[in-house]
Amino acid sequence: MKWMIKVTCITCLCALLVGCSDRLSDIREAVSGINSAAETAASAVGRDVHEIRAIAIEYKDTSFTVNDLFKTILRDVRWDYDAEKSELHVRGTWLAPLFSEQPWDDAMKKQLAETGVVKVTCTIKNDKIDSARTNVTLIFNDKKIVEMAGEDALQHLYDTYLQK
């Protein structure tokens with residue numbers, strides 16, 4: 001009788017451990033994915049990006065940095081710099097009051113705050129943002145719903161920063 005109880009316990013334990021090994025493999029894969037994403041993010045924010053983020057901006061008697069600008073007007077900011085083209089690519093989630101002139105209701109604003117992606121591309125020349133070569137796009141449900149370019153786009157970003 002004791003022999004049967006031991007065999008039953010060992011069988012149950014083996015069954016549990018087999019199920020756990022699948023979960024353990026899933027956890028290892030998830031941790032590996034997180035680690036590689038972190039390594040990619042760390043390498044994307046290189047020395048060039050840090051230098052660009054520190055560039056000072058003077059606008060309407062106010063001084064702020066490129067970092068201050070984007071960290072204030074966007075959420076979940078991601079940076080990338082293409083040194084060959086001297087282009088800074090900033091991506092983040094929409095925050096009010098960016099594009100406040102748009103006639104969006106509260107429900108739309110809530111959805112944009114959750115899934116609206118803002119992409120900004122600016123060319124850096126002589127440690128300044130080239131206003132003529134600035135593009136700002138708001139993407140919602142894989143569609144461009146707002147697109148601005150040039151000096152108007154850059155001034156809109158600056159004005160939004162000053163509103164916050």
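How many aromatic pairs does the count come to by the ring-pairing rule?

## Aromatic pairs

The count comes to five aromatic pairs, where rings of Phe, Tyr and Trp (its six-membered ring) pair if their centres lie within 6.5 Å, with planes under 30 degrees apart counted as stacked, over 60 as edge-to-face and the rest as tilted. One of them joins Phe64 and Tyr158, whose ring centres are 5.7 Å apart and whose planes stand at 75°, so this pair is edge-to-face. Because Phe64 belongs to strand E2 (residues 62–65) and Tyr158 to helix H5 (residues 150–163), the pair ties together parts that are 94 residues apart in sequence. Helices (H or I, at least four residues) and strands (E, at least two) are DSSP runs, numbered from the N terminus.

Both partners are buried, a term that means under 20% relative accessible area, with exposed meaning over 50% and partly exposed lying in between (1.4 Å probe, protein chains only): Phe64 has a relative accessible area of 2%, and Tyr158 has a relative accessibility of 9%. Tyr59, Phe64, Tyr158 and Tyr161 form one aromatic cluster.

## Basis of the model

This is a predicted model, in which local features need pLDDT of at least 70 and side-chain atom pairs count only at pLDDT 80 or more, whereas totals for chains, interfaces and linings use all residues. Residues are numbered from 1 along each chain as its sequence is written, and side-chain values use heavy atoms, with hydrogens and water left out.

## The five-stranded sheet

An open sheet of five strands has the order E3-E4-E5-E6-E7 with antiparallel pairing, two strands being paired if DSSP finds at least two bridges between them. Strand E3 (74–82) and strand E7 (143–149) stand at the edges with a single partner strand each, so one side of each is left without a neighbour in the sheet. On average, and with direction ignored, neighbouring strands of this sheet are turned by 15° against each other; axes are lines fitted to C-alpha atoms, for helices over the stretch in contact, and angles run from 0 to 180 degrees between N-to-C directions.

E3 and E4 pair in the antiparallel sense over seven bridges, with Arg78 partnered by Arg91 in E4 and Trp79 by Val90 in E4. These two strands form a hairpin with four residues between them, and Ser86 in the turn has a positive phi of about 55°. Six of the eight residues of E4 are buried, so this strand is largely enclosed by the rest of the structure. Strand E4 (residues 87–94) is in turn joined to strand E5 (residues 117–125) by seven bridges, in antiparallel fashion; Leu88 stands opposite Cys122 in E5, and Gly92 stands opposite Val118 in E5.

Nine bridges join E5 to strand E6 (residues 128–140), again antiparallel, and Ile139 in E6 is the bridge partner of Val117. The hairpin of E5 and E6 has two residues between the strands, and Asn126 takes a positive phi near 50° there.

Helix H5 lies across E5, E6 and E7, running at about 75° to E6, where contact means heavy atoms within 4.5 Å.

In helix H3 (residues 66–73), the buried residues are Val66, Leu69, Phe70 and Ile73. They cover an arc of only 80° around the axis, which puts them on the same side of H3; the arc is that of the directions from the helix axis to the C-beta atoms.
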